[in-house]
Amino acid sequence: LIESELFGHRKGAFTDAQRDRRGALTQANGGTIFLDEIGEISPVFQVKLLRFLEDGLIQPLGAEKPEPVQVRVVAATHRDLRGMIVAGTFREDLYYRLAGCEIRIPPLRERISDLPALGEYFQQRSEQELGLPKAGPPSQETLSLLAEHPWPGNVRELGHLIRRVLIEV
């Protein structure tokens, strides 16, 4: 499925392939594509992604020849890719292809001081998306409770929590 999503496919390439479909890489040609949770891809697809990164060619499923594509790839993961390399579950050569410029953003539990700003951002965004009246900022007591939580779901968990609270109020 991910191969078809990124590389595209030709009509008849597999059951239900009723028409040609351009993949996300072709659609992003000349621009940037964001690959979230790169640590979750299969070893088989790691090889295909590495091949694309090395030669800039994609071959849609069912196509007879590869096509050139130029995209900047930005990838993210919550996994320890270096640990996965040691464990043999992530290709070292793919890691170095992707890690041209590595930015580590610590999990929310390691930067609790960001809670007020992130909370305000998610509150404003949720109020706007849901068409809710603007509420005041969270109390110190609320911020203290939030600071005690371990945030296993990281920033996404905070965003969902704030959205749920605004819906239930």
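The text below covers the basis of the model, the aromatic pairs and then a loop arginine.

This is a predicted model, in which local features need pLDDT of at least 70 and side-chain atom pairs count only at pLDDT 80 or more, while totals for chains, interfaces and linings use all residues. Residues are numbered from 1 along each chain as its sequence is written, and side-chain values use heavy atoms, with hydrogens and water left out.

A pair of aromatic rings is described by the distance of the centres and the angle of the planes. Rings of Phe, Tyr and Trp (its six-membered ring) pair if their centres lie within 6.5 Å; planes under 30 degrees apart are stacked, over 60 edge-to-face, and the rest tilted.

| Pair | Centre distance | Plane angle | Class |
|---|---|---|---|
| F7 and F45 | 5.7 Å | 40 degrees | tilted |
| Y95 and Y96 | 5.0 Å | 80 degrees | edge-to-face |

Because F7 lies in helix 1 (residues 2-7) and F45 in helix 3 (residues 43-55), their pair ties together parts 38 residues apart in sequence. Helices here are DSSP runs of H or I with at least four residues, numbered from the N terminus.

Both F7 and F45 are buried, where buried means under 20% relative accessible area, exposed over 50%, and partly exposed in between (1.4 Å probe, protein chains only). Y95 is buried at 5% relative accessibility, whereas Y96 is exposed at 55%.

R104 lies in the loop between helix 5 (92-98) and helix 6 (115-130). With 58% relative accessibility, R104 counts as exposed. From C-alpha to C-alpha, R104 and H78 are 9.9 Å apart in space, with a separation of 26 residues in sequence.

Definitions and conventions
Helices (H or I, at least four residues) and strands (E, at least two) are DSSP runs, numbered from the N terminus.
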